[in-house]
Amino acid sequence: MIVFGAALVVGLIYTVLSLSRDLQAERGTSIFPYLLLGVALLVALGFEFVNGFHDTANAVATVIYTHSMEPHLAVAWSGMWNFVGVLLSTGAVAFTIITLLPVELILQVGSGAGFAMVFALLIAAILWNLGTWYFGLPASSSHTMVGSIIGVGIANQLMNPRQGTSGVDWGQAMGVGRSLLVSPLVGFFMAAVLLMICKAIIKDRQLYQAPTTGDPPPFWIRGLLVFTCTGVSFFHGSNDGQKGMGLIMLILIGTVPTTYALNRAVSPAQTQDFLAVSQQTVQMLNTHVEPSAVVGDPRDDLTAYIRTKEFNANTMLALRQVISGIGDETAIYKQLKNVPSNMTRNFRNDMYVVSEAIRLIEKSGKSTFTADEEKILANYKKHIDLATKFIPTWVKVAVAMALGLGTMIGWKRIVVTVGEKIGKDHLTYGQGAAAEITAMATIGMADYWGLPVSTTHVLSSGVAGTMAANKTGLQWGTVRNLALAWVLTLPAAMILSGFLFWALRNAFQS
Amino acid sequence: MENAELDQLRLKYKAAVDRWIEAIRTEENLAKIDHSMVADEAWDQANFAEQDARNVAKAARQEYADELRKVLYNF
């Protein structure tokens, strides 16, 4: 606890000092961007804070109700491992969440529309998470975020009706739909089967009876529960923490682009390497450009491709033009840190559309590139991502603090629901272990095989599964409320964020 | 929390349950054989009183359970 407290103090000082040092590079006369930055950062960190206490139960409910850990120690332990998880995360997931947002809003993130998008989706996610937390309902924070993103996408398209809803990533909504079906089934049956296997193999009746004293379980099962609590906390930090980081980077790019739009730490050697790779890519693309292809503004053409996902001969030409332009300008400035302030946003936007276009071409599976040519494209993408997809350490530290602190506050409501209100009997040592092992295994499956599962849904369903396997019955009122909250999360977050986007966009325009 | 304080909460809960049971009995007794409008109205009113008593009993139970959790689980 003392170590964690000290880490928080050091982290806070480091964050404030780093941010103020970075801001010295900005030469604005107006205080408005700084105010906006302060508010936006508070909202983004508030989202992580709420996410922390909303999801704590996934990690600590079973260790608390099996007396494996003292509750306050358990939440501090979980908070610490969330903190470590965020700090050790690679940041790779952080930008995935951004790719789900409407591309035209990403490109104008410093405008009113861009800020309306960021604020709308963060506030909507916070509101839904707070609402479900208030009623003690463990709903999925990831589904809430996806719903908020889709809501902004739909509202944006409705406000620009000519474009239809082509910019909305409906695949994400389908993923949530699959998760709604898969997660409860995986959690329920995996935990139930695990408990039944344990009962068949380990003939210790004490494990399968509700504890009558406050004594902890046998050492090995206690160790297992603490290990799974640690794992779930760590992976929650390393995964959910990154969602906030990506959004904070959008805010920073929008408010103080000079400092954050481009990675100024890219070295001269890396820049030279980039120029060579850029030339190689342009030459390769030249062999694919059709003579009949025409292009207006190449970035607009690529943006249209990202939005509609319809590749044509002009897209290839536009891709080559933008890549060629980025290479030429990089050659002029020698290093990214020499790019003039008024050009950083344009430079970044060019790099962003190229990276996204390449990602979509690779993902489409319809490209005409050979395997070697695809390697050249992937290598080029890796280089431009180094310039645009970076996360300053202080952002990681700030998110780690918000998530870690959130984990330690307000956790009781959902812990009580998971521990007391799903089954009709007290959670036994065996049930706690089966449910938590299932939750941790699920995180692994989701990470490695990309399974569409929610840890929150799996743990709650896992507890229910073990109750069913123990033939102790379920509290159907709670089960009904959980199912309702899970099904409503996506549409509710969509409606909330869509409405907020509309309102904020009008407010920023007036 | 001291045992005495827990006992007070337990007694408060039991008293609330007693009042709830009484409200149920009152409502039940008001289901008259004459099936009149007046009797129906009185029966409905008794049902509202029963709902209020149930809410009070549930709140008392929650309060007692919350304090018990603090003793048994330390949170």
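Biologist: What makes you say that chain A and chain B are in contact?
Modeller: Contact means heavy atoms within 4.5 Å. By that rule, 12 residues of chain A are in contact with five residues of chain B. Bear in mind that this is a predicted model, where local features need pLDDT of at least 70, side-chain atom pairs count only at pLDDT 80 or more, and totals for chains, interfaces and linings use all residues. Residues are numbered from 1 along each chain as its sequence is written, chains are lettered from A in the order in which they are written, and side-chain values use heavy atoms, with hydrogens and water left out.

Biologist: How much area do the two chains bury between them?
Modeller: About 750 Å², with 59% of it on carbon and sulfur atoms. Buried area is the accessible area (1.4 Å probe) that two parts lose on being put together, summed over both.

Biologist: Why is the pair B:Arg69 and A:Glu420 called a salt bridge?
Modeller: The term asks for a side-chain nitrogen of Lys or Arg within 4 Å of a carboxyl oxygen of Asp or Glu. Here the closest N and O atoms are 2.6 Å apart, so the pair qualifies. The count between chain A and chain B is one salt bridge.

Biologist: Which helix of chain A gives the most to the side that touches chain B?
Modeller: Helix 2 (32-65), helix 3 (71-87) and helix 17 (412-421) each supply at least two residues there. Helix 17 gives the most, with four residues. Helices here are DSSP runs (H or I, at least four residues), numbered from the N terminus.

Biologist: Now to chain A itself. Why does A:His383 count as buried?
Modeller: Buried means under 20% relative accessible area, exposed over 50%, partly exposed in between (1.4 Å probe, protein chains only). A:His383 has 14% relative accessibility, so this residue counts as buried. You'll find A:His383 in helix 15 (residues 371-388) of chain A. Leaving aside neighbours within four places in sequence, A:His383 is in contact with A:Asp273, A:Phe274 and A:Val277.

Biologist: And what makes a nonpolar core?
Modeller: It's a set of buried Ala, Val, Leu, Ile, Met, Phe, Trp, Tyr and Cys residues joined through side-chain atoms within 4.5 Å. The largest one has 152 residues, and A:Met117 and A:Val354 touch the most other members. Helix 2 of chain A brings the largest share of this core, 16 residues. Not counting residues up to four places away in sequence, A:Val354 touches residues including A:Leu302, A:Ile323 and A:Tyr380.
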